[in-house]
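Hi,

Here is the structure I promised to pass on. My notes on chain B follow below it.

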Amino acid sequence: MLKLEGIRKLFNPGSPDQKVALDSIDLTLHAGDFVTIIGSNGAGKSTLMNIISGAIAPDQGTIEIEDKSFTSLPAHKRARKIGRVFQDPMAGTAPTLTIEENMAIAYSRSRRRTLRIGVSKQRKQLFYERLAELNLGLEHRLTAKVGLLSGGERQALSLLMASFTDPAVLLLDEHTAALDPARAQSITDLTKRIVEQKKLTALMVTHNMQQAIDLGNRLLMMDQGRIILDLPDLQKQKLSVPDLLAEFERIRGVKLSSDRVLLG
Amino acid sequence: MIWAMLGSVESGLIFALLALGVYLTFRVLNFPDLTVDGSFTTGGATAATLLASGNHPLVATGAAFVVGCLAGSITGLLHTKGKINALLAGILTMIALYSVNLRIMGRANVPLLSEETLVTQVNTALEPWFGDLALMAVLAVLVICFKLGMDWFLRTETGLSLRATGDNEQMIGSFGANTDLAKVIGLALSNGLVALAGAWMAQYQGFADVSMGIGMIVIGLASVIIGEAVFGRSTVARATAAVIGGAILYKLIVAFALRIGVNPSDLKLITALIVIAALVSPKTLQSWKRSIGKQKRSGGNRHVKA
């Protein structure tokens, strides 16, 4: 479904600040894979997301989605197949547009944007039904401006919108990190429900190791631009946070004082 | 006095077209577009030159709209493909248009006194029914049509992507819309409207002049800001109506200022002051309201304690 081959990215090449952000990354996701990624700050998790979405171009390597090359496609064309939820709850929605207008934008993801009315009666019914599944009462506030919603509500709406048209790949970039624990938990539950229900192929970056273990069917650990650990479903199910830390120590050969280092 | 007011409303309606254009860039796309000073003249120059060479007034006016769209898309391409800062892209196009406008006209001023124009045609055709209000009625219908057209456009799928581009560019990009294209479309339509206003103004005042566009961006901004401050901006339909009201109100304020003896050469200063007042006053009023509210609340608390 998603195939990365030999991805390499240098930041500030040729200068004293040169940094290997990603170092020959090979990664294949199959349809329905839900992969969680952990790693300390600067490990290359966000760079990986940006390279898949097209926000950053790799120096080397190829990207394929559904057997088509995406390597040289601009970000907005890739976005027809890639849904994305950002860390900032404000980033995924347009604040001065109403909830239904935001939904109409999500609806148009994989289609040509024409001169048809964005929020037609038919679509309004569809938006109502899908918003009702969130159990947040947003379906009764279709004409409210999104800027009036709370951070948690906006992130739930972002998630619904990102997954609305069943994208080939869903990128979740620490999308619960900026929320309070209760909201973060409800967004985590919602993520699980949506990804399972729609059988989406998803890639989730998180700093929360428990979340990385609980969600998905595969776990990656990144460090210094490399994937240093790739655990399949069976091993992942038996995993605990101390196991994960021990594994990290073993691979890196460094004694970690606490999970603070990983959590950054 | 009433005739002076009629004149203000007429030119206010012409400026309403300009203000709708400025609304589209300044508010919808969140793009401060200074092309306006150039493209207003371009519209006037194109229409006047075509009229002087014997073309039908509708053709001349339509051509002005198209040329305005071209001017706007150049600013758009400079900004999106050339990665030039928005303000600078607009200024560059504006300066370039000054020479282009002289090229179009061939001289600094094209008089239309003996030509058949939309204004003379409207006056002769509709005078029996509307008398002196004929031009105003036609302009009002025209402006309302453009307002409704813009309301409709901003609710279409393309229009929504334009609004989201001005609102949250990262977001709309992540939903597969081409934000560069959205900006070029918005700037083209905006400057098309501005040029249309220029074309009407040339026919209204009976000439096109190379300096007729100076200060138009400020008048456009003044209309948008005054209109929104007075009439509100909660929805698109309301904001576009407010912008039209703002343009007429602005013209009335200027007419009033001239009537009470303000020197015409001070008008640009007064316009700037009006815009500053309209920008500052809503915030100031809010903070006053808040502080008064606090005083009341704290007063109430004291009362309860006592």
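Helices (H or I, at least four residues) and strands (E, at least two) here are DSSP runs, numbered from the N terminus. On that basis, chain B has 12 helices and 2 strands, and starting at the N terminus its elements go α-α-α-α-β-α-α-α-α-α-β-α-α-α.

Some housekeeping: this is a predicted model, where local features need pLDDT of at least 70 and side-chain atom pairs count only at pLDDT 80 or more, while totals for chains, interfaces and linings use all residues. Residues are numbered from 1 along each chain as its sequence is written, with chains lettered from A and ligands numbered from 1 in the order in which they are written.

On overall shape, the C-alpha atoms of chain B fill a box of roughly 85 × 55 × 35 Å along the principal axes. Of its 306 residues, 50% are buried (20 or more other C-beta atoms within 10 Å of the residue's own, with C-beta atoms placed from the backbone).

One helix pair is worth a look. Helix α5 (residues 118-130) of chain B and helix α6 (residues 134-153) of chain B have axes that come within 8 Å and cross at roughly 110 degrees (axes are lines fitted to C-alpha atoms over the stretch in contact, and angles run from 0 to 180 degrees between N-to-C directions). So α5(B) is roughly perpendicular to α6(B) (65 to 115 degrees). Among the residues making the contact are Val122(B) and Phe130(B) of α5(B) and Leu135(B) of α6(B) (contact: C-beta atoms, placed from the backbone, within 7 Å).

Cheers

Methods
Parallel < 35°, antiparallel > 145°, perpendicular 65-115°, else oblique. Contact = placed C-beta atoms within 7 Å. Buried ≥ 20, exposed ≤ 12 C-beta atoms within 10 Å, placed from the backbone.
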